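Biologist: I'd like to learn how to read the aromatic rings and strands in a model like this. Can we go through it together?

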Amino acid sequence: QVQLVESGGGLVQAGGSLRLSCAASRRTSSRFDMGWFRQVGRKQREFVASIIWGDGATGATYYGDSVKGRATISGDYAKDTVDLQVNNLTPEDTGVYYCFTDRETGRSWGQGTQVTVSS
C-alpha cells in the first residue's frame, strides 16, 4: 500500500477556511485518484472531494454535496500531492478528515487529521 501523510487542520472559526495537504510516499501507477473523506462523530465516512489523474498531469475533480461550491481540490501530479481548501466553514464541517488514494495496490488511507470549527 501507499503511505499518505496529511497536514493541516486544527481549530478554525466559523466563516473561515481550512487547508489540508496530503503527500503519497511513492508512485505506483500513472493513473490514480487522490482525495478526502471526513467522519463526523460516529457517522459513516463521507466523501468530500477527489482528483483523478490519467496518464497526464491534468485531472478531473469531484466534490461531495456537503462542500460543493465551497471547496477546491488541487494537486501536483509530479509530486504526488493533493491539497484541499474549504471556505465558509460551519460547525457541521467539524470532523476527522482522511486523505485517500486508489492505486493498483488498492485503496490507502491517511491517519486522519482533526478539524474543529468553532461557532
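Biologist: Is tryptophan 109 buried, exposed or partly exposed?

Modeller: Tryptophan 109 counts as partly exposed, at 33% relative accessibility. The scale goes like this: buried is under 20% relative accessible area, exposed is over 50%, and partly exposed is in between, with a 1.4 Å probe and protein chains only. Keep in mind that this is a predicted model, where local features need pLDDT of at least 70, side-chain atom pairs count only at pLDDT 80 or more, and totals for chains, interfaces and linings use all residues. Residues are numbered from 1 along each chain as its sequence is written, and side-chain values use heavy atoms, with hydrogens and water left out.

Biologist: How many aromatic pairs are there in the whole structure?

Modeller: A pair of rings is described by the distance of the centres and the angle of the planes. Rings of Phe, Tyr and Trp (its six-membered ring) pair if their centres lie within 6.5 Å; planes under 30 degrees apart are stacked, over 60 edge-to-face, and the rest tilted. A search of the whole structure turns up eight such pairs. One of them is phenylalanine 37 with phenylalanine 47, edge-to-face at 5.6 Å centre to centre and 75° between the planes. Phenylalanine 37 sits in strand β4 (residues 32–39) and phenylalanine 47 in strand β5 (residues 46–53), ten residues apart. Strands here are DSSP runs of E, at least two residues, numbered from the N terminus. Phenylalanine 37 is buried at 13%, while phenylalanine 47 is partly exposed at 26%.

Modeller: Now take tyrosine 98 and tryptophan 109: their ring centres are 6.4 Å apart and the planes are at 90°, so this pair is edge-to-face. Tyrosine 98 is in β9 (residues 95–103) and tryptophan 109 in β10 (residues 106–109), so the pair ties together parts eleven residues apart in sequence. Tyrosine 98 is buried, at 14% relative accessible area.

Biologist: Which residues form one aromatic cluster?

Modeller: Phe37, Phe47, Tyr98, Phe100 and Trp109.

Biologist: And what is the strand order in the open sheet of four strands?

Modeller: Two strands pair if DSSP finds at least two bridges between them. The order is β1-β3-β8-β7, with antiparallel pairing. At the edges are β1 (4–8) and β7 (71–76), each pairing on one side only. Six bridges join β7 to β8 (residues 81–86), and isoleucine 73 has leucine 84 in β8 as its bridge partner.

Biologist: How many helices and strands does the protein chain have?

Modeller: Zero helices and eleven strands.
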